[in-house]
Amino acid sequence: MTAAIRGRGIAARCTARLLGAQGLDWTLDDAPRPSGPAVMLSDPALSLMRDCLGDPELLAGKRRVQRRVVAWGGQEPATLDHGAIVLGEGDLDQCLEIDNINKSNIYSDFSIHAAMPFPSGNMRRFGSRPSGAAQVRLLREEDGDACRVESLDTGWLFLIPVSDTTGWLLAIGGSPDELLPQSRHLGARVELSRLSGASFETAPGMLECLAAPGWLACGTAAIAFDPICGDGTAQAVREAVLAAAVVQALAEGENAQALATHYHSMLLAAMRRHLKLCAQFYATGGKGAWWQAQLAALAEGFEWCTAALSRLPEPRYELRGLRLVPRETVT
């Protein structure tokens with residue numbers, strides 16, 4: 001059995017690596033994706049990647065963040081211990097580099113879509129939060145090992161240090177030059193160097209159809225999490241594990257429709273949990289109209305996910321390690 005993978009992000013490349021480890025054939029169409037600012041990968045997410053890919057030294061030596069400073073809901077900043085690494089543009093591509101990328105249209109039994117266009121389904125967004133990013137200069141020496149989060153009247157800011165003197169500022173709900181003047185804390189600690197120029201959507205969203213016999217969709221283009229939870233990379237890895245397990249189960253003769261339904265329902269349930277967690281943050285971030293609108297959109301999304309799950313059958317499979325096992329055989 002051969003799986004054709006389209007995409008170049010974490011979900012696509014992890015899926016390819018996992019399929020190869022299972023002895024399954026695959027091709028990868030290394031579809032282009034937009035570049036972005038630095039990302040922060042938490043220690044639990046890094047551990048998950050290392051376990052799944054069998055590489056205990058994956059991303060060793062990258063810059064570490066030791067503290068998380070949070071000023072939320074008008075409160076004074078609180079400092080928390082936080083373990084994470086900072087990845088620059090291209091770091092993940094380099095660590096997940098794959099030699100035998102095949103861009104030809106060879107025959108495949110199954111397709112995995114981690115980049116647009118998708119075979120079917122509209123993207124449903126749970127809110128609207130156009131956001132932006134900027135490179136900044138850190139004005140205080142002690143900020144080189146700390147990420148910072150601050151809620152504002154009409155959005156929130158997230159600072160990721162990339163060196164002792166520089167960082168990336170993500171502005172959720174507007175552009176950095178619009179939101180930074182609202183800041184009570186971060187505004188005195190950074191100086192804007194260069195706006196990225198691009199606006200991107202940070203409200204969570206997902207395809208209404210994530211799988212059908214013959215294909216499935218994964219990655220942030222198919223199901224996107226709000227950055228407020230910091231779980232987007234780990235979610236992409238979990239999708240890769242499930243996608244590879246689906247292909248393995250198909251190769252072993254399991255029912256294609258049942259597997260597609262299981263895959264879709266698992267990701268739908270993950271989105272439902274994510275929306276519930278997001279609501280806890282947005283309920284406490286501020287009391288103004290912007291915050292109330294985000295909270296209402298999250299509640300509407302939670303209800304939509306709940307209704308969609310109620311129309312699906314109970315899961316027929318259980319993930320054990322890297323394999324899907326029919327529930328009646330699980331001991």
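**Helix packing and strand pairing**

Q: Why are helix 2 and helix 5 called roughly parallel to each other?
A: This is a predicted model. The axes of helix 2 (residues 43–53) and helix 5 cross at roughly 25°. Angles under 35 degrees count as roughly parallel, so helix 2 and helix 5 are given that name. Their axes come within 9 Å, and the crossing is left-handed.

Q: Which residues of helix 2 and helix 5 meet?
A: From helix 2 come Ala-45, Leu-48, Met-49 and Cys-52. From helix 5 come Thr-233, Ala-234, Val-237, Arg-238 and Val-241. They divide into seven nonpolar, one polar and one charged.

Q: What makes strand 1 and strand 2 a pair?
A: A pair needs at least two bridges. Five bridges join strand 1 (residues 2–6) to strand 2, and the two run parallel. Ile-5 stands opposite Leu-28 in strand 2.

Q: Where do strand 2 and strand 15 stand in the sheet?
A: The open sheet has five strands in the order 2-1-6-16-15, with mixed pairing. Strand 2 (25–29) and strand 15 (211–212) each have a single partner strand, so they stand at the edges.

Q: At what angle to strand 6 does helix 5 run?
A: Helix 5 (residues 232–251) runs at about 175° to strand 6 (110–113). Angles over 145 count as roughly antiparallel. Helix 5 also lies across strand 1 and strand 16 (215–217).

Q: How many residues lie between strand 18 and strand 19 in their hairpin?
A: Two residues lie between them, and Gly-321 in the turn has a positive phi of about 65°. The strands pair in the antiparallel sense over four bridges. Glu-318 has Val-325 as its bridge partner.

Technical notes
Residues are numbered from 1 along each chain as its sequence is written. This is a predicted model: local features need pLDDT of at least 70, side-chain atom pairs count only at pLDDT 80 or more; totals for chains, interfaces and linings use all residues. Side-chain values use heavy atoms; hydrogens and water are left out. Contact means heavy atoms within 4.5 Å. Axes are lines fitted to C-alpha atoms, for helices over the stretch in contact, and angles run from 0 to 180 degrees between N-to-C directions. Angles under 35 degrees count as roughly parallel, over 145 as roughly antiparallel, 65 to 115 as roughly perpendicular and the rest as oblique. A crossing is left-handed if the near helix is turned anticlockwise from the far one by less than a right angle, and right-handed if clockwise. Ala, Val, Leu, Ile, Met, Phe, Trp, Tyr, Cys and Pro count as nonpolar, Asp, Glu, Lys and Arg as charged, and the others, Gly among them, as polar.
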